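Here is a friendly note to read with the structure open beside you. Take the points one by one, and find each residue on screen as you go.

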Amino acid sequence: MIIVLLGPPGAGKGTQADLLSAKLGIPKIATGDVLRAALRDGTKRGLEAKAYMDRGDLVPDSVILGILQDVMTSPAAKEGAILDGAVRTVPQAEGLGKMLKEIGKKVDRVLLFDVDDEELVKRLSTRTVCEGCQTPYMGRDPGAKCEKCGGKLVRRKDDEPEAVRNRLEVYRRQTAPVIDWYDDNKMKVLKIDADAPVDAVTKRTLKALGK
Ligand code: ADP
Ligand code: ADP
């Protein structure tokens, strides 16, 4: 099953994608994680993305479609994938649809995590993430240890207030139209009220997926 997770930055896509991945037994693919790993490894793709990411702008569609082409044709995604923040513009939604069609697959479900701006800003301003495996945490200080891999927790540069403001604006301008695009293409977008404790959101999500 191929599941697309949509929602503004801080809506809990990464948190829920990890939990869903464990429950459903399909891998999570987060383009943000792929890009940060590329940056850490100093690859061409990472260096190309850096300036966009630091400002909170979207990296070019061609870079994202290149990543999606690589991962969706890889053996890891044979049983499907949970695409976390991987579709953020209409051209990306179109490109993903086309590439999946070529390999006899399609997007099966689109979920939208809905949270109001005030709560998003609160979550992002206190988020720490593991610099190794990228697991997001709440209520933990930078420098603490990751429960999953023992890596160090850090603040993300793009979680600073100015970049957050820009990311919310970019979401409204460039990503929100993807919701209508899926609706217009006869793919029902399942909206989930994600302003609730993590386990309640997971329950709502599984219910929306019919699980
Ligand atoms: P996204 O991937 O959509 O940007 P994350 O999963 O990284 O969102 O979550 C953003 C921040 O909010 C993290 O610090 C995370 O621990 C926290 N968070 C996630 N889900 C919830 C929730 N249901 N309630 C409160 N905080 C949450
Ligand atoms: P968040 O979880 O807070 O929404 P991500 O880790 O998904 O943030 O993304 C971080 C940054 O990586 C984005 O602000 C953007 O610069 C870049 N990025 C990730 N995915 C995409 C995408 N599908 N299209 C364009 N840029 C992306």
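The numbered points below go from the strands to a helix, a pocket and a few single residues.

1. A word before we start: this is a predicted model. Please keep that in mind when you look at any single angle or contact.

2. Begin with strand 1, residues 2-6. Five of its five residues are buried, so strand 1 is largely enclosed by the rest of the structure.

3. Which strands does strand 1 pair with? Strand 3 (residues 81-84) is one partner, joined to strand 1 by four bridges and running parallel to it. To find this pairing on screen, look for I2, which stands opposite A81 in strand 3. Strand 4 (residues 109-114) is also joined to strand 1 by four bridges, and these two strands run parallel as well. Here the residue to look for is I3, opposite R109 in strand 4.

4. Now move to strand 3 itself. A81 and L83 point one way, while I82 and D84 point the other way, and all are buried. Notice that D84 is in that buried list too. Strand 3 also pairs with strand 2 (residues 28-30), in the parallel sense and over three bridges. In that pairing, I29 has L83 of strand 3 as its bridge partner.

5. There is an open sheet of three strands to compare with this, in the order 6-5-7 and with antiparallel pairing. Strand 6 (136-137) and strand 7 (153-154) stand at the edges with a single partner strand each, so one side of each has no neighbour in the sheet. Between strand 5 and strand 6, which run antiparallel, there are two bridges. One pair to look for is V129 and its bridge partner P136 in strand 6.

6. Stay in this region for Q134, found in the loop between strand 5 and strand 6. Its phi is positive, about 70 degrees, although Q134 is not a glycine. Is Q134 buried or exposed? With a relative accessibility of 9%, Q134 counts as buried, since the cut-off for buried is under 20%.

7. K186 sits in the loop between helix 7 and strand 8 (189-193). At 78% relative accessibility, K186 counts as exposed.

8. Next comes helix 3, residues 44-55. Which of its residues are buried? They are G46, A49 and M53. These three cover an arc of only 75 degrees around the axis, which puts them on the same side of helix 3. Helix 2 (31-40) is among the parts that cover them. On the other side of helix 3 you will find K44 and L47, which are exposed. After helix 3 comes G56, with a positive phi near 85 degrees.

9. Helix 2 and helix 3 meet us again in the second largest pocket. Its volume is about 360 Å³. Of the 14 residues that line this pocket, R36, L39, R155, R156 and K157 are the closest to its centre. Helix 2, helix 3 and strand 5 (128-130) each give at least two residues to the lining, and helix 2 supplies the largest share, three residues. What kinds of residue make up this lining? Five are nonpolar, one is polar and eight are charged.

10. Finish with L168, which lies in helix 7 (residues 161-184). L168 is buried, with a relative accessible area of 7%. Leaving aside residues up to four places away in sequence, L168 touches P8, P9, D117, L120 and V121. Take L120 as an example: L168 and L120 are 48 residues apart in sequence, and their C-alpha atoms are 8.9 Å apart in space.

How values were computed. Residues are numbered from 1 along each chain as its sequence is written. Chains are lettered from A and ligands numbered from 1 in the order in which they are written. This is a predicted model: local features need pLDDT of at least 70, side-chain atom pairs count only at pLDDT 80 or more; totals for chains, interfaces and linings use all residues. Side-chain values use heavy atoms; hydrogens and water are left out. Buried means under 20% relative accessible area, exposed over 50%, partly exposed in between (1.4 Å probe, protein chains only). The arc is that of the directions from the helix axis to the C-beta atoms. Contact means heavy atoms within 4.5 Å. On a 1 Å grid over the protein atoms alone, a cavity is a set of points where a 1.4 Å probe fits but cannot get out, and a pocket is an open set with protein on both sides within 12 Å along at least five of seven lines; lining residues have an atom within 4 Å of a point. Grid points are joined across faces, edges and corners, and a volume is the space filled by probe spheres set on the points. Ala, Val, Leu, Ile, Met, Phe, Trp, Tyr, Cys and Pro count as nonpolar, Asp, Glu, Lys and Arg as charged, and the others, Gly among them, as polar. Two strands pair if DSSP finds at least two bridges between them.
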